[in-house]
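Open the model in your viewer and keep the selection panel at hand. The stops below say what to select and what is found there.

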Amino acid sequence: MTNGSPLLEVRHLKKYFPIRGGFLNRRVGDLKAVDDVSFSVPRGKTLGLVGESGSGKTTAGKCVIRLIEPTAGEIYFDGVDLMTLSDREMRRRRLDMQMIYQSPAASLNGRMTIGQIIAEPLWIHERLRGRQAKERVMELLHVVGLKDEHYYRYPHEFSGGQQQRVGIARALAVNPRLLVLDEPTSALDVSVQAQVLNLLQRLQDEFELTFLFISHDLGVVRHMCDDVALMYMGVIVEVADFETIFEEPKHPYTQALISAIPEIDPAASREEIVLQGELSARQPVQGCPFAPRCPANKLDICETIRPELVEIQEGHQVACHLYPAP
Amino acid sequence: MVADTNIQVLRETQGRPTGLWRDAMRRMARNRAAVASAIFLALLILVAVFAPWIAPYDPTAPDFAHIREAPSAAHLLGTDEVGRDILSRIIYGARISLYVGIVVQTATTALGVMLGLAAGYFGGLPDIIIMRMVDIMYAFPNFLFAVFMVSLLKPDTTSVILTLTLAGWPFPARLMRGQVLSVKQQDYVLAARAIGTNDLQIMLRHVLPNALSPIIIQYTLGIAGVIMAEAGLSFLGIGIRPPTPTWGGMITKGREYFRSSPHLAIYPSIVLGLTMLAFNFLGDGLRDALDPRMKR
């Protein structure tokens, strides 16, 4: 932590999607995509938000920069609660935080050239156009490892890795401080993944960026993140720095995930914990959301009371009844 | 500066000016069917403009000595039920038919696209209001609507255009709304919001170009329908009154004599069909040209 307070602090973030049905399309329930999530990201660091598909991690990421309007919660960015800002103020504020999307192809408008795509934010914010804009775009292309001749090309002429670089260049055009990376490499080939991840790390150092790194790939997370928060069905089940998560996972869900990472050394194999069942869209109304699949010796309380996230060690929080607050 | 000279070099070597429309025009020029159609339509418009100099006869003068004559040297496409020259009527008919077809279709599409875009993009109350209006127009029989308009308007070209436009906008509006609903979910729209693009810019630069393909096809397919609908309106008494020639009117009237003198309906039908085909090729070409993914 370079400067006391974290750059991003999220408290009690909630996003409920209404489930409609029945007569007159009434609201019959809520899909709790993000249910009371709190975390913080120190300046210049990377927090990994990890979970399987449907765990709410992407929704949480989009809520943080209010691309999706959260149902409730507080989002402090550099000390300012984003939830109190008007749309107009938010639009200006959002320049400090940009997002990189999961599918690079879908995140680029196929009818614009690369030059136009990267120049759009420059025009909107700095009123740069013509030669000045072109020079800036060229600079940004070089920063992300693309070439001059890519300027007049269209997105479909690029590989996935190059498309992702274009997305990164567009995000950098507004000089952001926080990047929300929504599975930036999950759509890419493994060889290209490494290139893009290295690029992101280089940019983080060069531009003093703070990352909220959303992923389901623990291998990638290990490579990228300082801290890791594990999400399961809209709630955070465990938070710690990455060493602790990988060496001493506490929550049964975390333990199962860690055990599933393939080992390079065949001799060092450990027992893999196989989870039964899969995520269903609706949570149990009460009790621990993970209880139906939990491989650990369950307590009675697991079915009835939802565990709170408690700090069991300095910087290590777990939401599990097996680890009561000290 | 370095970057700038590089751009110069690029432009000279690759010859790639930017801009969706400029690129589209270059791609379009390579599409032979589209170019041929454009030439055909241009000729047709010239014929319509210079009709008085081109037409061999007065299109409205009856000649009762030569009723329903088959094509001959004197009357290349024959004569109609009161002895008027069919070729001359087709040439003069191009004026009103093309005019009504293009103006109505442009107006309905423009109106429909704007309303559909607003409904789909904003959702909520604007969506409800616009789409309920669409539902009302759909539920209302077109015939009844036309009769209603007849009672309000005097029969002339402007009334025809007004009536057909008011009846026609719901279709493109609904089409556009559906397109917008799917396009606005795309990540590039989200990305545009993230970099601070405002609603209007998002709609015009990101949503509209990506939602336009079926609209262009709808536009070109609809022109022939409008030309025929104009004939229907004439029948109800609000359209262009006989003896002024229109293609729709000629086809409608010619059908009555189809058994004995098929040429009354066939020749204007052929011209209408060719025109429609040309518009469709042009529309196809335009749609492909506007999509950078379509190579060549």
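Start with the largest nonpolar core of this predicted model. This core holds 141 residues. Select L212(A), F213(A), A229(A) and I236(A), the residues with the most contacts inside the core.

Next, centre the view on A229(A). Leaving aside residues up to four places away in sequence, A229(A) touches F39(A), L47(A), G48(A), L49(A), V50(A), I236(A) and V239(A). One of these, I236(A), also belongs to the residues with the most contacts inside the core.

Now colour by chain and turn to the contact between chains A and B. How many residues does the contact take from chain A and from chain B? It takes 34 residues from chain A and 24 residues from chain B. On the chain A side, select β6 (97–100), α3 (114–126) and α4 (130–143), each of which supplies at least two residues. Helix α3(A) gives the most, six residues. Sorted by class, the chain A side has 14 nonpolar, 10 polar and 10 charged residues.

Last, stay in chain B and select helices α12 (residues 213–236) and α14 (residues 263–289). Their axes come within 9 Å and cross at roughly 170°, which means that α12(B) is roughly antiparallel to α14(B). From α12(B), the contacting residues include I216(B), Y219(B), I223(B) and I227(B); from α14(B), they include L272(B), M276(B), F279(B) and R287(B). By class, this helix contact has 12 nonpolar, four polar and one charged residues.

Terms used
Residues are numbered from 1 along each chain as its sequence is written. Chains are lettered from A and ligands numbered from 1 in the order in which they are written. This is a predicted model: local features need pLDDT of at least 70, side-chain atom pairs count only at pLDDT 80 or more; totals for chains, interfaces and linings use all residues. Two residues are in contact if their C-beta atoms, placed from the backbone, lie within 7 Å. Helices (H or I, at least four residues) and strands (E, at least two) are DSSP runs, numbered from the N terminus. Ala, Val, Leu, Ile, Met, Phe, Trp, Tyr, Cys and Pro count as nonpolar, Asp, Glu, Lys and Arg as charged, and the others, Gly among them, as polar. Axes are lines fitted to C-alpha atoms, for helices over the stretch in contact, and angles run from 0 to 180 degrees between N-to-C directions. Angles under 35 degrees count as roughly parallel, over 145 as roughly antiparallel, 65 to 115 as roughly perpendicular and the rest as oblique. A nonpolar core is a set of buried Ala, Val, Leu, Ile, Met, Phe, Trp, Tyr and Cys residues joined through C-beta atoms within 7 Å. A residue is buried if 20 or more other C-beta atoms lie within 10 Å of its own, exposed if 12 or fewer, and partly exposed in between; C-beta atoms are placed from the backbone.
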